[in-house]
Amino acid sequence: MERILNYINGELISPQANQFLDNINPATGKVYSKVASSHDQDINKAVECAKKAFLTWSQLSPKERSNYLFKISELILKYLDELALAESIDNGKPFEVARSIDIPRSAENFKFFAQQILHFEGESFAEHEKGKNKVFFSPLGVVGCISPWNLPLYLFSWKIAPALAAGCTVVAKPSEVTPMSAFLLSKICLEAGLPAGVLNIVHGLGSNVGEAISCHQDIKAISFTGSTSTGRLIAKSAATTMKRLHLEMGGKNPTIVFSDCDFELTVEQTLRAAFSNQGQICLCGSRIFVERSLYESFTKSLVEKIKKLKVGNPLDPESDQGAVVSREHFHKVMKCLEIAKSEGGKFLTGGHQVKLLGENADGFFIAPTLIANLNYLCRTNQEEIFGPVASITPFDSEEEVLMMANSTEYGLAASIWSSDLEKAQRMALSLECGIVWINNWMTRDLRTPFGGMKESGRGREGGKYILEFFSNIKNICTL
Ligand code: NAD
């Protein structure tokens, strides 16, 4: 059975304790590979190597670092099919989704920051009253990157690429639930000739590897994406060494539909926003609010479309929805469905496991679910489910929908659907979240700041924002 090894100091190696975890294919429920279960000693070694590599990597010109990133980007596309297959088997997402979205975006992340670093300049201030001021950026040092399982290579590379571009060296930990594409990335880095120790990928449990990264005194910053509860643990552990932290956490995003929206487009995109990647995207619109006059017709049309989604083997090109990521997550989502029922929710469609045949008989499949009749303050509408489950609620006024939309502890993203752009803009400014899409969902320009407010996030990824995060900023004033 294939063994997923650590990538430390330019070598693929077993963890020092030689322990491995089962890696399960969620579409079959079967173990299909083993992943390194690392501990403190592996992180200590990775940090030592990253510190040594920093001495030279940080001194390369942006152009030299950029060339490595371009090479990695090209190699990701060269191995597009292999990576997409790995991602689909590891995560349960349809192969076509991985092939057309996740892996191309991972290549784009490296390409984007390979370009962006060439334009990442300090600032000069013209003399104001006294003194000429110049701002300089320099690489921070060894940094940690910790990522989740929902968009494995996409989010892993979204952190690693800017860290490397900024001149930092990296100790990175992918999710133990979906480690395969990170393993393939380490092989790509070897093929790209990335100098030893510049990127180190250490596999294992969050409580071991993630905690060791959070506590390590020589790691200067952590960029983390995952749940809010883990974000809190990291913030606590990192406090003793005063690390710089960037946290991308949970979401419970509203989709706000006004009666003057483009009906067909809005139904189509509300469906996409709720159920893409089996609802396992932090940006998914899991609370749908529809203006009362449109509520009935909109709900009917949405339900018809949900019923047409085919849940099936992720490797079958006919499947719109694959498996949810793991047995634990399957049970968590099924429990949330029970809670919704106990809260008086009316299941308009879904609400049950999907049993497939043959090799997928033990896979973790859930029918896409739409629930009505729920109070906006109930648990189903307040807690992150992170599965193929959405609620739908009517509203009567802008004030009411704003109050409901802003009622959760989260504040990541929202979408607003209306032909009245003035109203949409007004709403967007009042929503308590970091990203608002008007008449679209998840359109991404990688230069823009990405991140949440409230319990959804601290700091921003994207463009110059994340490059600044990975930099020391110095002002020099000359009279
Ligand atoms: P998770 O918090 O369980 O795990 C994320 C990562 O943290 C994993 O690599 C895990 O091993 C590690 N980890 C776990 N415990 C740790 C600890 N004590 N110290 C350090 N690291 C630890 O999240 P998940 O279940 O993998 O992913 C789903 C969550 O991620 C959802 O809440 C989702 O909203 C969130 N997410 C947020 C964004 C965003 O941009 N805001 C994007 C994607 C996913």
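The ligand lies between two domains, because domain 1 (3–249 + 456–478) and domain 2 (254–446) both contribute residues to the shell around it; the domain bounds come from an automatic or database domain assignment. The model is predicted, so that local features need pLDDT of at least 70 and side-chain atom pairs count only at pLDDT 80 or more, whereas totals for chains, interfaces and linings use all residues. Residues are numbered from 1 along each chain as its sequence is written, and side-chain values use heavy atoms, with hydrogens and water left out.

The shell holds 30 residues, of which Glu 176, Ser 227, Thr 230, Met 249 and Glu 384 come nearest; a residue is near if one of its heavy atoms lies within 4 Å of the molecule.

Polar contacts are pairs of N or O atoms within 3.5 Å. Oxygen atoms of the ligand lie 2.5 Å from a polar side-chain atom of Glu 384, 2.7 Å from a polar side-chain atom of Ser 227 and 3.4 Å from a polar backbone atom of Gly 206. The protein covers 90% of the 850 Å² of accessible area that the ligand has on its own, by the Shrake-Rupley method with a 1.4 Å probe.

Elements giving two or more residues to the shell are α7 (206–215), β11 (221–225) and α8 (228–239). Helices (H or I, at least four residues) and strands (E, at least two) are DSSP runs, numbered from the N terminus. The most residues, four, come from α7.

Terms used:
A polar contact is a pair of N or O atoms within 3.5 Å; within protein, one must be able to donate a hydrogen and the other to accept it, and residues adjacent in sequence count only if both atoms are side-chain atoms.
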